[in-house]
Amino acid sequence: MHFENCFLSLFFDITDLNRLSKLFNYLPFKESFMGIATLVIGIISLIISFIPCVGWFVLIPAIIGLILGIVGVCMEKTKGKAIAGLVLNLLAVCVIVGMSFLMADAATGGPISRAVEKNKMDSCKNNQKMILLGILLYVEDHADCLPPADNYRELLAKDVDAKLWQCPSGGEYQYFGNGQKTMSLGASASTVLLVCPGHQENQIVGFADGHVESLPPEQVKVAIEHCEPGELPVLER
Ligand SMILES: [Zn+2]
């Protein structure tokens, strides 16, 4: 009888937490039902929220868990589980929203993906500068000749760390030298020695004089296609 009265009064004013509290007192397993429910939903939601694309499916359960957590914190005598569940569900919602934002940013070339790409391009340029320095040291010790294409990495291993050959974007550097004498290269500031194809817009190119540039792929492609056998690509300026 008391339960019915309380339920009816709640029906007319769901925002009255005092009446909701009275109703809650009539429920079985009242001690920790909300806390356990929100905690279980929170743990599951937080784990799944980290999985790209799948995380979206637990957004609504996480919001429900969040509401249960708030109700549990307001009404349960032992609030520990409800607080823990509340925090976990809140984290899950934040992870889902954050992951969605990052995916949208990557898909549309937003500010975060541009900053990440710029960081990769800077690392790529530094890698190529170190490799070109190693090549110049090799040339000095080998009668002005570039390392041959067959085993240039082994020949340069003394001065060039193996990890420098891998661009942070995932691409590997293309090396064009093949034992040529550098004195025969002419305009070495336009002579291409290294190319990294692994970037979104421009390619990073290392030149025989040791400098590095970011250039449109079409310009680099023309230089490589017009290169005679046994010669190095020369960029049209
Ligand atoms: Zn690169």
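Predicted model: local features only at pLDDT ≥ 70, side-chain atom pairs only at ≥ 80, totals over all residues.

Residues are numbered from 1 along each chain as its sequence is written.

Find Ser 49. It sits in helix α3, residues 33-49. Helices are DSSP runs of H or I, at least four residues; strands are runs of E, at least two; both are numbered from the N terminus.

Why is Ser 49 called buried? Because it has 25 C-beta neighbours inside 10 Å. The cut-offs: buried means 20 or more other C-beta atoms within 10 Å, exposed means 12 or fewer, partly exposed is in between, and C-beta atoms are placed from the backbone.

What does Ser 49 touch, beyond residues up to four places away in sequence? Gly 55, Val 58, Ala 92, Val 95 and Ile 96. Contact means C-beta atoms, placed from the backbone, within 7 Å.

Now all of α3. Its buried residues include Met 34, Ile 41 and Ser 49. The buried residues of α3 pack against α4 (59-75) and α5 (80-108).

On to the cores. A nonpolar core is a set of buried Ala, Val, Leu, Ile, Met, Phe, Trp, Tyr and Cys residues joined through C-beta atoms within 7 Å. The largest has 25 residues; Tyr 173 and Leu 193 are among those touching the most other members. β2 (192-196) and β3 (203-207) are among the elements giving it two or more residues. A second, separate core has 14 residues, including Met 34 and Ile 41.

Note on methods
Contact = placed C-beta atoms within 7 Å.
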